[in-house]
Amino acid sequence: MGANKKRRKPLLLSHTRPVPTTRTPTLSSQATRSQIRKHHTLQKQLHTATLNGDSVSVDKLQAQLEASGGLQKYQEASIQGQSSERGGDSSKVLMEWINEALSYNSREDTNGLEKFRMLEVGALKVDNACSRSGIFDVTRIDLHSQHPDIQTQDFMQMSMPSSGTLEENGFDVVSLSLVLNYVGDAVSRGEMLKRVRGFLRSSRHISIGGAYMCFPALFLVLPAPCVTNSRYLDEERLESIMISLGYVKTRRKLGKKLVYYLWRYQRDSAITAQSVSFKKKEIRQGGNRNNFTIILQSSSEIPHG
């Protein structure tokens with residue numbers, strides 16, 4: 001029976017998030033955390049109901065999401081969580097690492113030099129540390145943009161540069177800050193990590209000393225419990241998944257709430273896609289665990305059409 005089970009296609013990101021509603025007042029720190037947790041819980045339930053074809057539950061959960069403020073309120077809570085007074089700008093960590101590698105810390109040092117290209121997926125603000133640094137030309141996308149400088153775009157549908165235009169139109173770093181954990185199912189998370197590679201150009205054009213140590217790269221930020229308290233994923237398994245895709249961990253920071261990584265992409269070291277797969281596997285036992293995981297399907301396992 002199990003061998004004949006029909007495989008589900010990974011859902012597009014735009015199928016897992018509701019349309020934003022009206023604006024809401026500023027939230028306290030406690031209310032911000034509560035809103036984000038509630039939204040994620042409802043989203044996971046909605047995703048499961050959608051996969052199961054349970055239209056009654058889908059309608060009910062959509063109504064609950066709308067009643068709680070929908071994506072608009074979630075985005076406002078996330079933006080407030082990223083505010084400087086709450087110390088929530090994850091790109092500060094990335095800038096610390098880059099400044100260390102490049103051996104400079106002032107904007108003036110970048111004068112006359114070509115800026116690095118960054119793709120920020122799930123962007124909520126246009127004035128974070130990377131945007132203010134002066135060393136990045138940032139392309140910002142989100143499913144439901146709330147700012148004119150953020151494009152409304154589903155990353156999983158975004159046109160990928162061709163091999164002939166990758167060096168010109170590709171990016172030196174792709175940022176997935178609190179994005180991967182939002183994706184509703186483990187297979188789609190794996191597909192997202194695979195897809196990032198198609199947007200990363202080589203380091204041949206980099207002329208600033210030390211930059212080759214960082215780029216091309218994926219900046220990945222996750223809630224810490226995704227790797228510290230998951231039943232199916234720990235840091236060792238995450239690194240094995242990333243290595244199989246050609247990523248090498250160059251930086252890591254574990255905080256109380258978040259874990260930050262910089263993964264340098266080495267195209268030649270990626271394992272042949274047809275031969276690699278990481279299925280759901282129990283890593284930790286115990287009842288007080290979350291179920292976050294990442295599944296990589298080999299090419300023969302990925303549904304087509």
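The model is predicted, so local features are reported only at pLDDT of at least 70 and side-chain atom pairs only at pLDDT 80 or more, whereas totals for chains, interfaces and linings use all residues. Residues are numbered from 1 along each chain as its sequence is written, and side-chain values use heavy atoms, with hydrogens and water left out. The protein has nine helices and seven strands; helices (H or I, at least four residues) and strands (E, at least two) are DSSP runs numbered from the N terminus.

**Overall composition**

- Of the 305 residues of the protein, 50% count as buried; buried means under 20% relative accessible area, exposed over 50%, and partly exposed in between, with a 1.4 Å probe and protein chains only.
- The accessible surface of the protein is about 15,200 Å², and carbon and sulfur atoms contribute 48% of that surface; the areas come from the Shrake-Rupley method with a 1.4 Å probe, and for residues only the protein chains shown count as cover.
- Among contacts with a separation of 6 or more, 74% join residues 24 or more positions apart, where contact means heavy atoms within 4.5 Å.

- Seven strands form an open sheet in the order 3-2-1-4-5-7-6, with mixed pairing; two strands pair if DSSP finds at least two bridges between them.
- Strand 3 (151-152) and strand 6 (247-254) stand at the edges with a single partner strand each, so one side of each has no neighbour in the sheet.
- Helix 4 (residues 91-102) packs on the sheet and touches strand 1, strand 2 (136-142), strand 5 (217-223), strand 6 and strand 7 (258-265).
- The direction of helix 4 makes about 120 degrees with that of strand 6; axes are lines fitted to C-alpha atoms, for helices over the stretch in contact, and angles run from 0 to 180 degrees between N-to-C directions.
- Helix 7 (residues 186-196) lies across strand 4, strand 5 and strand 6, and runs at about 160 degrees to strand 4.

- Six of the six residues of strand 1 are buried.
- Phe116, Met118 and Glu120 point one way from strand 1, while Arg117, Leu119 and Val121 point the other way.
- In a regular strand the side chains alternate between the two faces of the sheet.
- Strand 1 pairs with strand 2 in the parallel sense over six bridges, and Arg117 stands opposite Asp137 in strand 2.
- Strand 1 (residues 116-121) also pairs with strand 4 (residues 173-177) in the parallel sense, over four bridges.
- In strand 4, Val173 is the bridge partner of Met118, and Leu176 is the bridge partner of Val121.

- Five of the five residues of strand 4 are buried.
- Val173, Ser175 and Ser177 point one way from strand 4, and Val174 and Leu176 point the other way.
- Strand 4 and strand 5 pair in the parallel sense over five bridges, with Ser177 opposite Val221 in strand 5.

**Helix 4**

- Nine of the 12 residues of helix 4 are buried, so the helix is largely enclosed by the rest of the structure.
- The buried residues of helix 4 are Ser91, Val93, Leu94, Met95, Trp97, Ile98, Asn99, Ala101 and Leu102.
- Their cover includes strand 1, helix 5 (129-133), strand 2, strand 5, strand 6 and strand 7.

**Individual residues**

- Leu178 lies in the loop between strand 4 and helix 7, and its phi is near 55 degrees, a positive value in a residue other than glycine.
- Leu178 counts as partly exposed, at 33% relative accessibility.
- Arg264 is in strand 7 and is buried, with a relative accessible area of 15%.
- A polar atom of the side chain of Arg264 lies 3.1 Å from the backbone oxygen of Phe215.
- Glu114 lies in the loop between helix 4 and strand 1 and is exposed, with a relative accessible area of 57%.
- Glu114 and Ile135 are 21 residues apart in sequence, and their C-alpha atoms are 8.0 Å apart in space.

Methods
Polar contact = N/O pair within 3.5 Å; in protein donor to acceptor, adjacent residues only side chain to side chain.
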